[in-house]
Amino acid sequence: MMFEVSIQNSYPLGHLLLHKDNPFYSQRIDTLNKIQDIFDDFTLDKNHQIQIPNTLAIIYLRQDNLQNAKDNPNNPKIPQDVQLFAKKAQETFEISLWEIDSIDFVDGHLGNFTLHSQEKKINFAQAVLFVEEENLARFRGFYRVADFLNPQLLLDTLQSNLGIYEYSEAISYDSNLCQFHHRREKHCTKCVSVCPTFGVGANETLMELVFSPIDCIACGACVGVCPTNCLEYEIFPKDALEEIYPLLSQNFIFLCDKEGYEELVKNQVTLPFNLFPLVLPTLNFLNENDFLTFLQASSRDLLVFYKGTLENLDFVNNITAACYHKKAIKQAYHFSEIESLSASLGEFESYLYKNRYNKSHRESFAQRVRFILKDKDYGLAKSVEPIFYGNIAIDESRCTLCLSCVGACNVNALFAKEEDFSLRYNPSLCTTCGYCIASCPENIMELSKEGMLLREDYFQSRKLAQDEPFRCVECGKVFATKKSIDKITQMLQNTFMQESDKLRTLQCCADCKVKVMFQNNLGIQRNSNV
């Protein structure tokens with residue numbers, strides 16, 4: 001506990017990794033102080049409170065064997081370790097014991113859970129799992145015994161939650177940018193797939209995301225995989241990163257999260273003199289544009305200390321491997337690797353681009369990659385699931401330019417150009433969600449998710465299809481494309497065979513369509529020469 005206090009009260013973050021004999025020590029402390037000021041400006045207030053009572057459910061797997069009966073003569077069905085823990089926990093908590101197979105389902109949230117069984121239902125505030133049950137473990141307030149070194153540490157955690165529990169809304173959401181919200185079909189719930197808790201879920205009946213701030217552990221994974229920027233990590237918004245980037249120039253950045261920082265300090269690790277420490281709340285909220293920005297803003301390779309997988313990092317390395325013949329981002333999985341990896345860091349091509357118009361991260365990323373490419377072709381940077389880049393192909397001869405695909409695309413990767421009646425596509429902006437494919441009535445579109453083509457034309461819009469304009473047969477106004485009118489006329493020709501006026505309305509603009517039908521109903525003779 002004393003160690004945690006020393007980390008939390010020792011600012012600026014990162015300074016404990018610097019050796020005081022480092023010739024750049026004072027300069028780096030000054031920079032870290034500036035970064036800490038930025039971090040403090042964006043600190044998120046804990047604006048929600050709930051009361052956590054001392055009710056505790058202990059969930060276990062019943063053991064029916066002779067040895068267990070000998071060890072536990074009073075209640076042979078409850079494992080001995082469960083009974084020992086329950087006895088200790090009873091000093092603080094009101095305990096209820098539940099065998100996993102007797103539970104129908106659990107709902108609620110930390111502080112107010114309800115367990116439903118055939119016998120009855122009970123309310124409780126927290127739970128301990130003596131059994132592996134992945135779905136229950138996603139609830140904040142459910143703790144697996146296997147995650148703790150000893151029972152006392154688990155009890156300390158349970159007790160620390162008692163009383164007033166404060167939390168904040170770490171994730172904000174813009175449904176207008178979401179590629180799941182109110183669509184006819186499910187084409188993106190990446191945020192739900194990566195969420196380790198019930199912080200974000202999907203109501204597939206209403207086609208809406210459902211957020212539970214109290215269940216959110218602020219890991220940021222949902223933000224990192226969101227292809228459209230509809231999610232923002234409020235604990236450390238991207239605006240804060242934009243303010244930090246200019247301070248990183250000419251530095252070999254050592255990037256880690258708070259958990260990694262604590263591990264390094266606990267093991268008394270100090271960084272090689274060439275490294276500048278940058279500690280973020282989490283690394284999961286970073287996308288591919290953020291990682292490339294670190295490289296281009298610092299003009300140096302990047303060293304990341306993180307034990308897990310960062311798909312956005314790997315995708316950027318696919319690009320740098322193709323363009324610079326090196327993986328510019330090195331990842332240390334253990335602190336013993338830091339020194340050797342720091343010696344392998346080199347320079348990177350500097351680019352001082354700033355996203356001044358709040359463009360999506362894919363638009364910004366496209367600009368940064370184009371700077372690397374110049375006029376060269378470096379082949380393909382393969383996608384790293386769930387970060388997909390790709391391409392669309394269509395059968396132009398069958399495209400009627402109905403523009404259903406344009407209406408389906410909410411990132412402007414597909415758009416219509418009115419001047420020449422063309423359908424255009426910019427693959428670098430495409431999130432490969434596939435909604436346009438499902439929306440095409442002709443079923444003539446194909447989607448590839450293989451990766452990003454590292455050549456200039458991938459980052460420019462290209463023509464997918466084009467048609468000539470169709471003019472209203474009554475007034476001459478352009479109102480559609482020839483292929484679309486030809487298709488509708490062909491479909492309804494037999495139906496309207498005996499009704500020439502109805503057939504003619506198919507070739508009329510909206511205003512003239514009404515006029516033609518009105519004249520027909522009144523028996524007015526139409527001038528066929530008009």
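C475 is partly exposed, with a relative accessibility of 44%; buried denotes under 20% relative accessible area, exposed over 50%, and partly exposed the range in between (1.4 Å probe, protein chains only). The structure is a predicted model, in which local features need pLDDT of at least 70 and side-chain atom pairs count only at pLDDT 80 or more, whereas totals for chains, interfaces and linings use all residues. Residues are numbered from 1 along each chain as its sequence is written, and side-chain values use heavy atoms, with hydrogens and water left out.

The structure contains zero disulfides, a disulfide being a pair of cysteine sulfur atoms within 2.5 Å. For C472, the closest cysteine sulfur belongs to C512 and lies 3.7 Å away, which is too far for a bond. C475 likewise takes part in no disulfide, the nearest cysteine sulfur, that of C512, being 3.7 Å away. C472 is buried, at a relative accessible area of 4%.

Helix 14 (residues 361-373) packs with helix 12 (residues 311-324) at an angle of about 20°, the axes being 11 Å apart. Helices (H or I, at least four residues) are DSSP runs numbered from the N terminus; axes are lines fitted to C-alpha atoms over the stretch in contact, and angles run from 0 to 180 degrees between N-to-C directions. Helix 12 and helix 14 are therefore roughly parallel, as angles under 35 degrees count as roughly parallel, over 145 as roughly antiparallel, 65 to 115 as roughly perpendicular and the rest as oblique. On the helix 12 side, F315, V316, I319, C323 and Y324 meet F365, V369, I372 and L373 of helix 14, contact meaning heavy atoms within 4.5 Å. This contact comprises nine nonpolar, no polar and no charged residues; Ala, Val, Leu, Ile, Met, Phe, Trp, Tyr, Cys and Pro count as nonpolar, Asp, Glu, Lys and Arg as charged, and the others, Gly among them, as polar.

Helix 11 (residues 288-298) also packs with helix 14, at an angle of about 40° and with the axes 9 Å apart. This arrangement makes helix 11 oblique to helix 14. E288, N289, L292, T293 and Q296 of helix 11 meet residues of helix 14 including H361, R362, F365 and I372. The contact of helix 11 with helix 14 divides into five nonpolar, five polar and three charged residues.

K258 is located in helix 10 (residues 258-266) and is partly exposed, at 30% relative accessibility. Beyond residues up to four places away in sequence, K258 touches L13, F39, V279, L280 and P281. K258 and L13 are separated by 245 residues in sequence and by 8.6 Å in space, C-alpha to C-alpha.

Conventions:
Helices (H or I, at least four residues) and strands (E, at least two) are DSSP runs, numbered from the N terminus.
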